[in-house]
Amino acid sequence: MAGEKKPAEKAAGEKKPGKKKTGEKKPAEQNASQKEVGEKKKKIKKHHASRNPVLARGIGRYSRSAMYARKALYKRKYTAPETKIEKKKKEKPRATITKPVGGDKNGGSRVVKIRKMPRYYPTEDVPRKLLSHGKKPFCQHKRRLRASITPGTVLILLTGRHRGKRVVFLKQLATGLLLVTGPLVINRVPLRRAHQKFVIATSTKVDISGVKIPKHLTDAYFKKKRLRKPKHQEGEIFDTEKEKYELTEQRKSDQKAVDSQILAQIKKVPQLRGYLRSTFCLSNGVYPHKLVF
Amino acid sequence: VFKRFVEIGRVAFISFGPHAGKLVAIVDVIDQNRALVDGPCSGVRRQAMPFKCMQLTDFVLKFPHSARQKCVRLAWEKENINEKWAATRWAKKIEAREKKAKMTDFDRYKVMKAKKMRNRIIKHEMKKLQKMSSKKGKKPEKSEKVPKSEKAPKSEKAPKAQKAQK
């Protein structure tokens with residue numbers, strides 16, 4: 001490493017005198033500015049460590065005046081370039097304009113302000129915020145996803161009829177729920193939504209980078225359908241509400257499309273299929289806070 | 001009664017404190033409770049350490065009392081303490097404990113499957129032996145075949161343990 005640095009430095013050093021020689025013919029300013037820029041860049045990069053050693057927390061060895069001297073602030077006095085201020089002073093925009101005025105004995109013109117004072121000052125400088133300030137509707141909420149949950153992670157469902165089952169995570173939907181699949185042939189969990197909070201993310205991941213999930217799988221697709229058309233006939237209201245879920249052909253075809261891709265990836269990892277088939281359970285001596293998932 | 005003594009050069013294992021889990025050599029004894037201790041090859045600076053947090057190992061190095069770190073390091077490397085320590089059962093138990101704690105859910109499943117398979121094989125052999133002994137009565141063949149068949153499932157245990165470690 002040291003050996004490499006030296007020839008590089010030499011080359012750089014050689015380049016500079018070389019440039020100077022050719023630069024005699026070219027305008028000298030260019031080379032001088034290049035060198036300066038190079039030096040400036042080098043100087044800016046290095047920051048000196050604190051020149052005030054710490055005696056105890058919050059107490060330095062040197063006083064303010066001593067530090068002033070140590071940091072050579074008497075040398076470092078920066079003032080804004082004057083020319084710009086002078087320029088700005090000159091560049092003040094016109095405040096008034098003289099306009100001609102008609103009519104007899106009016107004097108021919110008036111001097112009118114271009115930017116006038118406001119005609120009304122409200123009693124509060126900053127207007128009062130509405131009570132609903134910052135309260136966004138659900139569709140505009142910020143959706144978060146735990147860092148441990150990435151596409152292809154094996155999740156353990158904790159609630160619902162599929163509790164304890166290990167399932168593959170596909171993507172997060174627009175409402176924040178997780179799209180998840182068994183796959184169906186492995187553990188009878190279809191394409192389904194799961195809530196992030198009721199799920200344990202394991203560190204086992206399946207490679208889903210090549211899997212294409214159809215775009216029509218959104219929240220609207222999974223939402224429960226409710227018939228609400230009873231014409232206020234009290235006897236029938238409780239009967240007509242659909243409670244039974246009916247399996248449609250579209251669901252089956254979507255399931256097949258997604259699962260076939262995922263199963264191919266699962267088969268590549270030994271014992272993963274059996275792992276997804278099994279369920280998670282606690283037994284004696286197993287404490288969730290001590291488990292590494 | 002006591003086999004391991006606190007002496008100059010005794011290698012000790014630190015059980016708790018900021019240097020927990022590291023090996024050190026006792027360089028000198030300060031008083032009843034503390035020793036001057038140094039672990040050049042295990043990243044412990046030369047310092048006083050109470051005996052309470054030290055657990056003595058079987059290894060003793062040869063260097064004079066209050067020897068400087070260089071001498072301790074030489075003696076340590078000459079005896080190859082790091083490798084000897086890794087080969088002891090004590091160190092292996094510690095490692096196994098750490099690995100068990102780091103097991104992920106998938107690893108636990110794999111271990112469960114491996115254990116199940118191993119137990120099945122063992123049970124299978126046991127049942128075979130029991131059957132044979134019950135059929136043939138009390139013949140000396142039983143005692144000969146017991147150690148032979150137990151070795152087969154134990155040799156399969158090693159690859160499964162390695163599988164579980166992954």
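Predicted model: local features only at pLDDT ≥ 70, side-chain atom pairs only at ≥ 80, totals over all residues.
Reader: Which residue forms a salt bridge with Asp105(B)?

Author: Arg166(A) does, and the closest N and O atoms are 2.2 Å apart. This pair crosses between chains. Asp105(B) sits in helix H4 (residues 105–136) of chain B. Arg166(A) belongs to strand S6 (residues 166–172) of chain A.

Reader: Is Asp105(B) buried or exposed?

Author: Read the relative accessible area: under 20% is buried, over 50% is exposed. Asp105(B) has 3%, so Asp105(B) is buried.

Reader: And why does Arg166(A) count as buried?

Author: Arg166(A) counts as buried because its relative accessibility is 5%.

Reader: Which residues are linked with Arg166(A) in a network of salt bridges?

Author: Asp105(B) and Arg108(B) are linked with Arg166(A) in that network.

Reader: Where are Glu95(B) and Lys99(B) in chain B?

Author: Both lie in helix H3 (residues 89–102) of chain B. They are four residues apart, so about one helical turn separates them.

Reader: How does the accessibility of Glu95(B) read?

Author: Values between the buried and exposed cut-offs count as partly exposed. Glu95(B) is at 40% relative accessibility, so Glu95(B) counts as partly exposed. Lys99(B), at 33%, also counts as partly exposed.

Reader: What meets the side chain of Arg34(B) in a salt bridge?

Author: The side chain of Asp31(B) does, at 3.8 Å from N to O. Arg34(B) counts as partly exposed, because its relative accessibility is 37%. Asp31(B) is partly exposed too, with a relative accessible area of 36%.

Reader: Now the loop residue. Where is Asn52(A) found?

Author: First find the elements on either side. Asn52(A) is in the loop between helix H2 (28–45) and strand S1 (54–56) of chain A.

Reader: Is Asn52(A) buried or exposed?

Author: Use the cut-off again: buried means under 20%. Asn52(A) has a relative accessible area of 19%, so Asn52(A) is buried.

Reader: Which residues does Asn52(A) touch, not counting those up to four places away in sequence?

Author: With those sequence neighbours left out, Asn52(A) touches Gly60(A), Arg61(A), Tyr62(A) and Met67(A).

Conventions: Residues numbered from 1 in each chain as written. Chains lettered and ligands numbered in written order. Heavy atoms only, no water. Helix = DSSP H or I, 4+ residues; strand = E, 2+ residues; numbered from the N terminus. Buried < 20%, exposed > 50% of the residue type's maximum accessible area, 1.4 Å probe, protein only. Contact = heavy atoms within 4.5 Å. Salt bridge = Lys/Arg side-chain N within 4 Å of Asp/Glu carboxyl O.
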